[in-house]
Amino acid sequence: MSIPASYQPFVDDIHGMIGLCEGDFELFRTHREFFARNSAALIEAIASVLMTHAPSRATFEEGRGDLESLKGKLAAWVGELLGAHDTPEFWHRQFVIGIEHIVRRIPNRQMVGLATKIREVLLPLMLQEAGHEEGLRLYLAFQRMLDSVVALTTTLVDEGQRRCLLEATGFSPKLVENLQAIVFEKIRAELSPSG
Ligand code: HEM
């Protein structure tokens, strides 16, 4: 699947800044045994974080997702990463992962939060199992992949909100941009010490 042309600049921006590259995918493949040994524990840790954090748990309690289904999908995701390359198909897939969260009304802050928790689990494991230097390389590669998913998800939220405004108001894109600037100035004022 290709990426819609209007989304390509988002990919270029994220790709250029985060720097996820083919070498990162190669590293995942080199360490496939690490993932085979640890993915079950990682998935359990993720499930535990989501069930411990009340706002995340609400996703499942309110029927916006199913925990067992999530565990299965996460296992498939780790498998996918071991076969992935830095291709339009990979980036398309990250958009799909992002939108699956957005339609379930999972806020950006929870995406960022879970990414932090995933890092906290992986860093000691990677250092311990692959040694300091190689473990750090693997960790940084995984971090670039994780940050790419989160960055694309947050980007899709921005894009969806912009499109909501365009559709709801019938304004031109420029007018919507101006309206957003006004609203953000109001928020800035609310947040200022004298506000
Ligand atoms: C860095 C953060 C996250 C990553 C990398 C991630 C990864 C994934 C992946 C790969 C899928 C499968 C998508 C698909 O194939 O359709 C998925 C689905 C899902 N994720 Fe996440 N996720 C993250 C954060 C979260 C958070 C914070 C929640 C909060 C509750 C969450 C809840 C879900 C749910 C409910 C599903 C669908 C499960 C189902 O009902 O089938 N995820 N996630």
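Let me begin where helix 8 and helix 9 touch, since in this predicted model Arg162, Leu165, Leu166 and Thr169 of helix 8 meet Pro173, Val176 and Leu179 of helix 9. Sorted by class, the residues of that contact are five nonpolar, one polar and one charged. As for the geometry, helix 8 packs against helix 9, which covers residues 173–191, at an angle of about 115°, and the two axes are 10 Å apart. Because angles of 65 to 115 degrees count as roughly perpendicular, helix 8 is described as roughly perpendicular to helix 9. The crossing of these two helices is right-handed.

Now to a second pair, helix 3 and helix 7, where helix 3 runs over residues 32–52 and the two axes come within 10 Å, crossing at roughly 150°. Helix 3 and helix 7 are therefore roughly antiparallel to each other, and helix 3 passes helix 7 in a right-handed crossing. On the helix 3 side the contact is made by Phe34, Asn38, Leu42, Ala45, Ile46 and Val49, while helix 7 brings Leu114, Lys117, Ile118, Val121, Leu122, Leu125, Glu129 and Ala130. By class, that contact holds eleven nonpolar residues, one polar residue and two charged ones.

Let me turn to the ligand. Which residues come nearest to the ligand? Of the 22 residues around it, they are Gly65, Ser69, Lys73, Trp77 and Gln110. Helix 5 gives the largest share of the shell, with five residues. In terms of class, the shell is made up of twelve nonpolar, six polar and four charged residues.

Finally, the chain as a whole. The protein chain has nine helices and zero strands, and its C-alpha trace spans about 55 × 35 × 35 Å along the principal axes. How many of the 195 residues, as a percentage, count as buried? The computed value is 14%. Turning to contacts between residues at least 6 apart in sequence, 78% of them join residues that are at least 24 apart.

Technical notes
Residues are numbered from 1 along each chain as its sequence is written. This is a predicted model: local features need pLDDT of at least 70, side-chain atom pairs count only at pLDDT 80 or more; totals for chains, interfaces and linings use all residues. A residue is near a molecule or strand if its C-beta atom, placed from the backbone, lies within 6 Å of it. Helices (H or I, at least four residues) and strands (E, at least two) are DSSP runs, numbered from the N terminus. Ala, Val, Leu, Ile, Met, Phe, Trp, Tyr, Cys and Pro count as nonpolar, Asp, Glu, Lys and Arg as charged, and the others, Gly among them, as polar. Axes are lines fitted to C-alpha atoms, for helices over the stretch in contact, and angles run from 0 to 180 degrees between N-to-C directions. Angles under 35 degrees count as roughly parallel, over 145 as roughly antiparallel, 65 to 115 as roughly perpendicular and the rest as oblique. A crossing is left-handed if the near helix is turned anticlockwise from the far one by less than a right angle, and right-handed if clockwise. Two residues are in contact if their C-beta atoms, placed from the backbone, lie within 7 Å. A residue is buried if 20 or more other C-beta atoms lie within 10 Å of its own, exposed if 12 or fewer, and partly exposed in between; C-beta atoms are placed from the backbone.
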